Amino acid sequence: MKKFSVAIIGAGPAGYFAAQALQNMQTEDLSFSIDMFEKLPTPWGLVRSGVAPDHPKIKSVSKVFEKIATTEGFRFFGNVELGKDISLDELQNNYDAVVIAVGASKGKKLGIPGEDLPGSISSAEFVPWYNGHPDYANFQFPLDCETAVVIGAGNVAMDVARMLSLDPHELDTTDTADHALAALHSSEIRTVHLCARRGPEHAAFTSPELRELPKLHKTSVLINKEEIEAAQSRIDDSVDSESVTNLTAMLAIAVDQKPQQERQLQFHFLLTPKEITGTDRVEEIVFTVNKVQDGSVIATDETVRIKCGLVITAIGYETNLATDLQFSGTHLQNTDGHIKENLYVVGWAKRGPSGVIGTNKSDSTEVMKILAANLSEPKLVTDFIESLDAKNTKYVLQSDWQKINQAEIQAGEQSNRPRVKIVDRDKLLSFRDA
Ligand code: NAP
């Protein structure tokens with residue numbers, strides 16, 4: 001019987017699915033002991049701090065994660081940060097293999113004038129804020145304006161625009177962080193413009209997300225019918241079926257517009273951000289108007305301006321990891337998930353910020369097959385956790401997390417919410433001794 005030790009860094013979907021793949025490979029002759037390290041005191045990555053609170057069904061995958069975490073041979077160590085509490089070298093020397101699964105948490109920048117004005121922020125700040133990520137709980141965003149602009153045409157832009165434009169009472173029975181719920185209730189934003197740089201046929205939204213927009217109780221969703229019909233007339237065989245379905249979903253919204261509501265979410269296409277202006281804070285955003293010509297999106301001489309007090313970019317993410325490893329664009333350089341020696345990478349840190357949660361299952365499984373095939377003899381080393389204990393690292397074990405989880409769920413029961421998230425790091429850590 002060969003027993004290999006694997007360290008996984010990051011407790012998000014890609015990390016859990018990597019662990020599951022290893023667990024599924026176990027036989028009478030082969031087993032894995034898996035240690036998962038996570039910088040937050042809590043696990044589940046984007047399932048906890050990324051998925052929109054009004055999408056509770058997507059979060060049910062956390063049950064799968066808990067099953068993986070309570071399978072023999074798996075240990076969770078929260079509040080342990082790579083580069084601070086542990087190093088890649090240490091892990092590579094102490095484990096048979098090391099898997100980086102840290103995702104991509106840094107928002108990409110537009111690179112236009114005015115982007116650093118107060119009131120110009122990234123979804124990489126806004127999303128973890130409303131989801132109760134401890135590092136973002138104290139952020140303050142200017143919701144004291146009538147109009148907000150969201151840049152991007154992906155599902156994150158859609159989440160952000162929906163969270164800003166819905167009636168906050170629709171969030172009262174969700175796990176939106178308390179501080180965000182209070183701020184959204186007193187928000188003065190009534191109009192949200194979602195602006196895409198290409199045409200409706202190029203939007204990266206997925207159609208289930210579009211189809212749920214008409215269900216917003218107190219929000220008019222405005223899409224220009226002529227714009228969608230023009231896009232439909234442009235599409236050819238090069239356009240994938242998802243885009244065709246998207247256009248159908250957008251047209252359905254455009255033709256069946258609800259009577260004017262107090263809140264509005266308006267879609268715009270073919271607008272490239274050019275400049276954000278304002279004296280002490282965001283006051284306006286200027287766009288170059290584009291057109292589609294022979295299948296390509298090209299700029300015109302025309303510009304449009306939208307007065308607003310908040311601009312949120314949702315234009316993709318980059319892996320945020322301070323190491324001397326090489327990057328390839330937004331993610332770590334790798335060959336099918338292998339970086340070098342006994343070091344591997346999965347998820348967004350491997351392929352960039354794309355795909356839904358389930359995409360990580362097949363992706364992580366493929367990388368773990370390669371990892372397993374490269375193993376020969378297990379290293380004979382002492383338990384790495386002894387070195388964490390020697391440094392008095394305050395790690396959070398699975399049993400501690402279960403206490404946190406239980407406390408959050410119990411707090412939620414009183415207010416008919418799935419949970420009330422604990423966002424204070426010290427409070428989360430206090431469960432270690434409870
Ligand atoms: P995304 O799907 O890649 O969308 C990014 C958007 O930003 C695209 O519309 C892109 O336009 C635009 N963009 C990029 N650079 C830009 C620039 N400089 N100026 C203006 N626009 C720019 O990324 P995402 O929305 O961050 O989502 C990441 C992944 O998570 C996706 O696979 C998404 O489906 C998934 N996700 C899923 C859900 C869900 O299932 N409900 C929720 C959230 C996220 P171009 O196409 O023109 O480049």
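The structure is a predicted model, in which local features need pLDDT of at least 70 and side-chain atom pairs count only at pLDDT 80 or more, while totals for chains, interfaces and linings use all residues. Residues are numbered from 1 along each chain as its sequence is written, and side-chain values use heavy atoms, with hydrogens and water left out.

**Whole chain**

Start with the protein chain shown as a cartoon, where you will find 15 helices and 19 strands (DSSP runs numbered from the N terminus, with at least four residues of H or I for a helix and at least two of E for a strand). The chain is as compact as a globular protein of its length, because its radius of gyration is 23 Å, close to the 22 Å that the globule rule gives for 434 residues (the radius is taken over C-alpha atoms, and the rule is 2.2 Å times the number of residues to the power 0.38). Along the principal axes, the C-alpha atoms fill a box of roughly 65 × 50 × 40 Å. If you colour by accessibility, buried residues make up 53% of the 434 residues (buried means under 20% relative accessible area, exposed over 50% and partly exposed in between, with a 1.4 Å probe and protein chains only).

**Second largest pocket**

Next, select Trp44, Lys59, Ser60, Ser62 and Arg419, which are the closest to the centre of the second largest pocket among the 14 residues that line it. This pocket has a volume of about 300 Å³ (a pocket is an open set of points on a 1 Å grid over the protein atoms alone, where a 1.4 Å probe fits, with protein on both sides within 12 Å along at least five of seven lines, and lining residues have an atom within 4 Å of a point; the volume is the space filled by probe spheres set on the points, which are joined across faces, edges and corners).

**Two loop residues**

Return to Trp44, in the loop between strand E2 (30-38) and H2, where its phi is near 90 degrees, a positive value in a residue other than glycine. Trp44 counts as buried, because its relative accessibility is 7%.

Finally, select Asn416 in the loop between helix H14 (398-413) and helix H15 (425-430). Asn416 is not a glycine, although it has a positive phi of about 60 degrees, and it is exposed, with a relative accessible area of 59%.
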